[in-house]
Amino acid sequence: MMLEGKIALVTGAGRGIGRAIALTLAGYGADVAVNYSGSREKAEQTVQEIRALGRRAAAVQADVSRQEDCERMFREVAEQLGVIDILVNNAGITRDNLAVRMSEQEFEQVIDTNLKGAFFCMKLAGKQMMKKRSGRIISISSISGVRGNAGQINYCAAKAGIIGMTKCLAKELSSRGITVNAVAPGYIDTEMTAVLPEKVKEAVLAQVPLGRIGRPEDIAEAVAFLASDRAAYITGQTLQVDGGMGI
Ligand code: NAD
């Protein structure tokens, strides 16, 4: 039980990778706040599954792109479960388009959710964790933020930005016993990738040396490790969990 007694907040945890992270952290002993923006029902399902594992859990609504929502979420989590030890910035969206066709709105929506949302939560978690002089902040970047990807200039900017913020915050918070890392998934089987055309899926899969699409649990295990005491000497890093796609 490497996370026994820890309290975690996972953003966008009603489905996909976020849900797998919430359940995996709970499986290792953590109590988990399950953030959602729209679908309370899905978040409540995750909460029920965490409780079935014998851990405390709460569903907390917040659109992470809104600072006031994030502030309220952190207050609610502290009231319901206690001050967090682990923050996982997972919430994310795509609005793909070629750069020459992309609207300002498509660019801004992705930056607001994927980058600013992570910044707001990092800031709020950092303040709380500094007082405790311990903590783990883990953000979900992407292989697209490492390598670039045609049709995703907004998403690549946000995901590369996550890596930059991670390095910056690691330096700012290291003297307080807080580590800050990122996980960069490759091609993972979720609703985000389910919408890709079959030809695109085949082309992406052909680039994966391990020869299979990733499972949300593949990402969740990496996050759980970085959240644990076993990763105490790792900070400012981006761990690529991509079946070798980024080699
Ligand atoms: P998903 O679409 O299934 O899940 C995204 C979650 O984020 C959803 O629960 C959604 O409700 C939530 N969300 C979106 N906007 C939000 C907001 N403003 N406030 C709060 N929550 C919000 O996708 P996923 O594949 O599970 O993605 C999870 C993370 O992993 C994302 O950051 C994504 O960019 C990243 N990622 C995914 C892949 C992949 O192949 N699936 C690859 C690399 C990175």
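Helix H3 (residues 67-80) lies across strands E1, E2, E3 and E4. Its direction runs at about 160° to that of E3. Helices (H or I, at least four residues) and strands (E, at least two) are DSSP runs, numbered from the N terminus. Axes are lines fitted to C-alpha atoms, for helices over the stretch in contact, and angles run from 0 to 180 degrees between N-to-C directions. The model is predicted: local features need pLDDT of at least 70, side-chain atom pairs count only at pLDDT 80 or more, and totals for chains, interfaces and linings use all residues. Residues are numbered from 1 along each chain as its sequence is written, and side-chain values use heavy atoms, with hydrogens and water left out.

The sheet is open and has seven strands. Their order is E3-E2-E1-E4-E5-E6-E7, with parallel pairing. Two strands pair if DSSP finds at least two bridges between them. Strand E3 (57-61) and strand E7 (238-241) form the edges, and each pairs on one side only. On average, neighbouring strands are turned by 20° against each other, direction ignored.

Several pairings can be followed strand by strand. E1 and E4 run parallel and are joined by three bridges. Here Leu 9 has Leu 87 in E4 as its bridge partner. Four bridges link E4 to E5, again in the parallel sense. Asn 89 stands opposite Ser 139 in E5. Six bridges then join strand E5 (residues 135-140) to strand E6 (residues 178-185), and these two run parallel. Ser 139 stands opposite Ala 182 in E6.

Strand E4 is covered on both faces. Ile 86 and Val 88 are buried on one side, and Leu 87 and Asn 89 on the other. Buried means under 20% relative accessible area, exposed over 50%, and partly exposed in between (1.4 Å probe, protein chains only).

Helix H1 (residues 16-27) also packs on the sheet. It touches strand E1 (7-10), strand E2 (31-36), strand E4 (86-89) and E5. Contact means heavy atoms within 4.5 Å. The direction of H1 makes about 175° with that of E1. H1 has twelve residues and reaches 17 Å from its first C-alpha to its last. This is close to the 16 Å expected at 1.5 Å a residue, the expected span being 1.5 Å times one less than the number of residues. Gly 29 follows H1 and has a positive phi, near 110°.

Nine of the twelve residues of H1 are buried, so the helix is largely enclosed by the rest of the structure. Among them are Ile 17, Gly 18, Leu 23 and Ala 26. Their cover includes E1, E2, helix H2 (40-52), E4, E5 and helix H9 (216-227).

H1 and H9 pack at an angle of about 50°, with their axes 8 Å apart. That makes H1 oblique to H9. Angles under 35 degrees count as roughly parallel, over 145 as roughly antiparallel, 65 to 115 as roughly perpendicular and the rest as oblique. From H1, the residues that meet H9 include Gly 16, Ile 17 and Leu 25. Their counterparts in H9 include Pro 216, Ile 219 and Val 223.

Ala 220 lies in H9. At 0% relative accessibility, Ala 220 counts as buried. Leaving aside neighbours within four places in sequence, Ala 220 is in contact with Ala 20, Ile 21 and Thr 24. Ala 220 and Leu 23 are 197 residues apart in sequence and 8.5 Å apart in space, C-alpha to C-alpha.
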